[in-house]
Amino acid sequence: GGDVAATVGIGHTRWATHGKPDDNNAHPQVDCRGELAVVHNGVIENYQELRDDLTRRGHTFTSQTDTEVLPHLIEEFRGQGCDLLQAVTKMTETVEGYYAMAVLSAQDENRLICARLDNPLIIGLGEGEYYLACDMSALVEHTRHMIILKNGDIADITLAGVKIYNHGQLVEREIS
């Protein structure tokens, strides 16, 4: 690729747990319209039943990954009138397994939602910028100020700052 004019982005170098390592199975995985993108570290244990249900509802899958059910679930909840944060929250209540994930939506500019369960996820705080990683060592060259998310946390990151929720409640997490 060449230079890209963007203010927010996600990427993930991963070990393929579902499907062979090829472009179709690479992250991010997207919804039917290509408007929601998700990167995910972990395993969605009930992905096959979710995939079958979403396929019956008219969703089209293009990969063999367990991750691909995530953007389609969010798309489904958005279609039921949920905003992005509500849709991601409902998705985390629907899936079984463990994850660290980041979600982008073309409809929500300059917004990144991330969630963790039984997999580490850290938000790095920079000068007017944020970083996201599963490992502190990936962040230290960019910032020394980090928020280590706790199990079940969902973070809503915008230009206005970071809001962290756990079971629907706004929570405070210390900056380490």
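**View 1. Nine salt bridges are counted in this predicted model.** A salt bridge is a side-chain nitrogen of Lys or Arg within 4 Å of a carboxyl oxygen of Asp or Glu. The model is a prediction in which local features need pLDDT of at least 70 and side-chain atom pairs count only at pLDDT 80 or more, whereas totals for chains, interfaces and linings use all residues. Residues are numbered from 1 along each chain as its sequence is written, and side-chain values use heavy atoms, leaving out hydrogens and water.

**View 2. Glu75 and Arg33 form a salt bridge.** Their closest N and O atoms are 3.6 Å apart. Glu75 belongs to helix 2 (residues 69–79) and Arg33 to the loop between strand 1 and strand 2, so the pair ties together parts 42 residues apart in sequence. Helices (H or I, at least four residues) and strands (E, at least two) are DSSP runs, numbered from the N terminus. Glu75 is buried at 9% relative accessible area, whereas Arg33 is exposed at 53% (buried, under 20%; exposed, over 50%; partly exposed in between; 1.4 Å probe, protein chains only).

**View 3. Asp108 and Arg78 meet through their side chains in a salt bridge.** The N to O distance is 3.0 Å. Asp108 lies in the loop between strand 3 and strand 4 and Arg78 in helix 2, so the contact ties together parts 30 residues apart in sequence. Asp108 is buried, with a relative accessible area of 14%.

**View 4. Strand 4 (residues 111–117) pairs with strand 8 (residues 153–158) in the antiparallel sense.** The pairing, which requires at least two DSSP bridges, runs over five bridges. Ala115 has Ile154 of strand 8 as its bridge partner.
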